[in-house]
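Colleague: I would like to learn how to read a few features off a model like this one. Could we go through them in turn?

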Amino acid sequence: MLDALYRDHVATLVARAEKALAACGFDGMVISSGKPFTYYADDQDAPFRRVPHFAHWVPMGGPSHLLVVKRGEKPRLVRHAPEDYWYEQAPLGAPFWASAYDVVECGSASRVWATYPKSGNFAYVGDEPESARAAGTSAEGINPKALIARLDWDRSFKTPYEVACLEAATARAADGHRAARAAFRRGASELEIHHAYVAACACTDAELPYGSIVALDDKGAILHYEGKRTDRNGKVLLIDAGAMCRGYGSDITRTWCTSEAHPVFRSMVDALDGLQRRLCDAVKPGIPYLDLHLAAHVGIADILSSHGVLKRGGAEAVASGLTRPFYPHGLGHFLGIQVHDVSGRQAAPEGGIKPPPAEHPYLRTTRTIETGQVFTIEPGIYFIPMLLRDLKASAHANDVDWTLVDALTPMGGIRIEDNLLVTPSGHRNLTREHLPE
C-alpha cells in the first residue's frame with residue numbers, strides 16, 4: 001500500500017517539476033539534502049535537518065545527498081554513503097521508495113558533487129550554493145526565486161502518500177499526548193511530562209518536529225515556552241507537541257486542568273474546545289482562511305464576555321481591539337515537511353505575497369482554502385501580563401473586569417490545536433480521529 005502511494009507521489013512530483021522547470025526555462029534541477037552545520041568555535045554539529053525540497057521527494061536522512069530531476073528522465077538519487085568508522089553506517093538496503101530513482105552511491109561528498117550534471121541548463125535548490133557554482137551552475141540558476149515559488153506552491157497540495165505520513169505522525173503524537181496527560185494528573189513536573197511524551201512517541205528529542213511546549217500554570221501564557229521546570233502539581237497543563245513520520249510532522253495542542261484550577265478558567269477551556277470544533281466544522285474549499293481567523297476572534301470575544309472577563313462581546317469587542325491582547329497569534333498555518341509549512345502567504349504559483357491585515361500581523365495563512373491543503377486550527381485565550389498592562393492603560397480599560405483577570409492570570413492560557421486535511425466536500429480532522437478528547 002505504501003509502495004503504491006509513494007510511486008504515485010513521485011509521479012505527481014515529476015509532473016509538477018517538469019511543468020515548473022519548463023515555465024522557468026530550465027532543463028532540470030539538482031536538489032541537495034543539505035550540509036551539516038557546525039557550531040561556531042566548536043567541533044560539534046547541530047542536529048541535522050534536510051533541505052525541505054529534498055525531503056519532499058526522498059524519505060532518506062543524512063547530509064550531502066543529491067537528487068537530479070531532468071525533464072523526460074527518471075530522477076537520479078546520488079546517495080552519500082561515507083566510508084567512516086566514527087559513526088554508524090547503515091546500508092541502504094531495499095527501502096520501499098528506492099525503485100523510484102536511479103540510485104548511485106558515493107563514498108565521499110566530493111564524489112557526490114562530481115556527479116553533478118555537466119551539460120544542460122540546471123537549477124540548483126539547496127544550502128550549498130558555493131558547491132553548485134563550482135559545479136558550473138550559473139548565478140541565475142542557484143535557488144531561482146521563480147522556480148522556488150512554484151515548488152513552494154505545489155507543496156501546499158498534499159498527495160495521498162503525504163496524508164498517510166501525516167496521519168501516522170498524528171497517531172504517534174496522540175500516544176504522547178495521552179501519556180503526558182496521565183503524567184500531569186499524577187502531579188509530574190514539566191520535565192517529567194516531556195519525558196513521558198517522548199517515551200510514548202518512541203523518539204528522541206532530536207526526532208521531534210519542534211521543541212515541545214510543556215507549560216504548567218502561568219507558563220502557558222508564554223506562546224513558545226520551551227523551559228522544562230521541575231515544579232510539579234500544576235493546576236493547568238498546556239502542551240503543544242508533535243511527532244514525525246518519514247519527514248512529516250504533526251502539531252497538536254491540548255489544555256488540561258485539575259479540579260484546583262479556577263472554575264471560570266475550567267469553563268473557558270470547555271468553551272474554547274467548542275469554538276475550536278465549530279471552526280473546524282466550517283472548513284471547506286473556497287473559504288478565505290482569514291475569514292476563519294476573524295470568526296475565531298468573534299467567538300473568543302463571546303467566550304470572554306460570557307465568562308465575565310469582558311463587558312462587551314462579539315463583533316463589537318473585536319472592532320474595539322479587545323480580543324487581540326487575549327488572542328495575539330494567528331489561527332493556524334500550513335503543515336507538512338515543515339511544521340510551519342511554506343506558501344501560507346503566497347499570492348500565486350508565480351510568487352508574490354498576500355500579507356495579513358495590519359491588525360493581525362502574526363497570521364501565517366492568508367490563502368483561500370483549497371482541496372489537498374493541510375493546516376492547523378488553533379485558537380487560544382491567554383492572560384499575558386505584558387499585553388494586559390497595555391490594555392489596562394488603554395481607552396478600553398473599563399471594558400475589562402480586572403479583578404477576575406488577576407484571578408485568572410496565574411492559570412496562564414488555553415490553546416487547542418488540530419490538523420485538518422481539506423477534501424473536495426469539506427475536510428478530515430486528522431487529529432480528532434486519534435485524539436478525540
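This is a predicted model: local features need pLDDT of at least 70, side-chain atom pairs count only at pLDDT 80 or more; totals for chains, interfaces and linings use all residues.

Colleague: How many disulfides does a search of the whole structure find?

Modeller: A disulfide is a covalent bond between the sulfur atoms of two cysteines. In this structure the search finds 0 of them.

Colleague: What is the distance from the sulfur of C165 to the closest cysteine sulfur?

Modeller: The cut-off for a disulfide is 2.5 Å between the sulfur atoms. The closest cysteine sulfur to that of C165 belongs to C245 and is 5.0 Å away, so the pair is too far apart for a bond.

Colleague: Is C165 buried or exposed?

Modeller: A residue is called buried when its relative accessible area is under 20%. C165 has a value of 0% and is therefore buried. C106 is also in the buried class, at 9%.

Colleague: Let us move to the loops. Where is I369, and is it buried or exposed?

Modeller: I369 sits in the loop between β12 (351–353) and β13 (374–377). Its relative accessible area is 2%, so I369 counts as buried.

Colleague: Which residues does I369 touch, leaving out those up to four places away in sequence?

Modeller: Contacts of this kind show what a residue packs against beyond its sequence neighbours. For I369 they include V283, K284, P285, G286 and I287, as well as F375 and V422. Take G286: 83 residues separate it from I369 in sequence, yet their C-alpha atoms are 5.4 Å apart.

Colleague: And T365, where is that, and which residues is it in contact with?

Modeller: T365 is in the loop between β12 and β13. At 1% relative accessibility T365 is buried. Beyond its neighbours within four places, it contacts Y289, G332, H333, F334 and G344.

Colleague: How do β16 and β17 run, and how many bridges join them?

Modeller: Strands β16 (residues 418–423) and β17 (residues 426–429) run antiparallel and are joined by 4 bridges. A hairpin through 2 residues links β16 to β17. T423 stands opposite G426 of β17.

Colleague: Last, the surface. Which residues make the nonpolar patch of about 550 Å²?

Modeller: Y85, W86 and Y87 make that patch. Of these, Y87 lies in the loop between β3 (76–80) and β4 (102–106). Exposed means over 50%, and Y87 counts as exposed because its relative accessibility is 63%.

Definitions and conventions:
Residues are numbered from 1 along each chain as its sequence is written. Side-chain values use heavy atoms; hydrogens and water are left out. Buried means under 20% relative accessible area, exposed over 50%, partly exposed in between (1.4 Å probe, protein chains only). Contact means heavy atoms within 4.5 Å. Two strands pair if DSSP finds at least two bridges between them. Patches are made of residues with over 30% relative accessible area and no salt bridge: like charges are joined within 9 Å, nonpolar side chains (Val, Leu, Ile, Met, Phe, Trp, Tyr) within 5 Å. Accessible areas come from the Shrake-Rupley method with a 1.4 Å probe; for residues, only the protein chains shown count as cover. A salt bridge is a side-chain nitrogen of Lys or Arg within 4 Å of a carboxyl oxygen of Asp or Glu.
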